[in-house]
Structure formats: structure tokens, C-alpha cells
Amino acid sequence: MKILDVASGCSPHPDATHLVDLFPDKESDAERGGVLTKVLPGQTLVRESAENMPFYDKEFDCGYACECINHCLDAPAALREIE
């Protein structure tokens, strides 16, 4: 299965095969737990925004987008992209 974690942050979902995060090396702040320190074997990290992910439609079997929409500059665009 191909599983996408949108805006994975410092602790991506362990089942995810693909991670999308615009700032994976951003230090901790009030919204983020810290730097993404480890991409697990079999995971691919893509440095991109949720509004502009470089994937084909219907490419993933499942996706996670937990607590990320409120951080998007264009939430409707991000929701369309995630869908």
C-alpha cells in the first residue's frame, strides 16, 4: 500500500510510505514538536506544501492530514490537493 502523510512534522505516521512537509528541518515552536529527525526505511520525504504536492490523482491508497489545514496559506487549495 502507498500511504501519504501530509505535513508530517517531527513524528510522521509510521505506516506512511511518503511524507510531505514544507519545513522538515524547522526547529520547535508553539505549533511544531521539532525537527524531523528520522525518515524510516521505505519512506520518501518530499519537501513541498500541501497545496502543491507532486503526485498523480489517486496515487495513494490512504492518507493522513492531521492538524495541518490551519497552517496552509490556501486551505481550500490544500483540501482539493489532498482529496
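**Figure 1. The second largest pocket of the predicted model has a volume of about 360 Å³.** This is a predicted model, in which local features need pLDDT of at least 70 and side-chain atom pairs count only at pLDDT 80 or more, while totals for chains, interfaces and linings use all residues. Residues are numbered from 1 along each chain as its sequence is written, and side-chain values use heavy atoms, with hydrogens and water left out.

The lining of this pocket holds 17 residues. Nearest its centre lie Tyr56, Lys58, Glu81, Ile82 and Glu83. β1, β4 and α1 (75-82) each give at least two residues to the lining. By class, the lining has 10 nonpolar, one polar and six charged residues. Here Ala, Val, Leu, Ile, Met, Phe, Trp, Tyr, Cys and Pro count as nonpolar, Asp, Glu, Lys and Arg as charged, and the others, Gly among them, as polar.

Rolling a probe the size of a water molecule over the atoms shows where empty space is left. The search runs on a 1 Å grid over the protein atoms alone. A cavity is a set of points where a 1.4 Å probe fits but cannot get out, and a pocket is an open set with protein on both sides within 12 Å along at least five of seven lines. Lining residues have an atom within 4 Å of a point. Grid points are joined across faces, edges and corners, and a volume is the space filled by probe spheres set on the points.

**Figure 2. Four strands form an open sheet with parallel pairing.** The chain has one helix and four strands. Along the sequence they follow the pattern β-β-β-β-α. Helices (H or I, at least four residues) and strands (E, at least two) are DSSP runs, numbered from the N terminus.

Within the sheet the strand order is β3-β2-β1-β4. β3 (44-46) and β4 (62-64) are the edge strands, and each pairs on one side only. Two strands pair if DSSP finds at least two bridges between them. On average, neighbouring strands of this sheet are turned by 20 degrees against each other, direction ignored. Axes are lines fitted to C-alpha atoms, for helices over the stretch in contact, and angles run from 0 to 180 degrees between N-to-C directions.

**Figure 3. Strand β1 pairs with β2 and with β4.** β1 (residues 3-6) meets β2 (residues 18-20) in the parallel sense over three bridges. β1 and β4 also pair in the parallel sense, over three bridges. Which residues are the bridge partners of leucine 4? In β2 the partner is histidine 18. In β4 the partner is glycine 63.

In a regular strand the side chains alternate between the two faces of the sheet. Both faces of β1 are covered. Ile3 and Asp5 on one side are buried, as are Leu4 and Val6 on the other. Buried means under 20% relative accessible area, exposed over 50%, partly exposed in between (1.4 Å probe, protein chains only). Of the 83 residues of the chain, 34% count as buried.

**Figure 4. One salt bridge is found in the structure.** Which residue forms a salt bridge with lysine 2? The partner is glutamate 59, and the closest N and O atoms are 2.7 Å apart. Lysine 2 sits in the segment before β1 and glutamate 59 in the loop between β3 and β4, so the pair ties together parts that are 57 residues apart in sequence. A salt bridge is a side-chain nitrogen of Lys or Arg within 4 Å of a carboxyl oxygen of Asp or Glu.

Are the two residues buried or partly exposed? Lysine 2 is partly exposed, at 29% relative accessible area. Glutamate 59 is partly exposed too, at 23%.

**Figure 5. Alanine 7 and lysine 58 have a positive phi.** Most residues other than glycine have a negative phi, and most peptide bonds are trans. Alanine 7 has a phi of about 55 degrees. This alanine is in the loop between β1 and β2 and is partly exposed, with 34% relative accessibility. Lysine 58 has a phi of about 65 degrees. This lysine is in the loop between β3 and β4 and is exposed, with a relative accessible area of 78%.

**Figure 6. Glutamate 48 and valine 20 are 28 residues apart in sequence.** In space, C-alpha to C-alpha, the two are 6.0 Å apart. Glutamate 48 lies in the loop between β3 and β4. At 24% relative accessibility, glutamate 48 is partly exposed.
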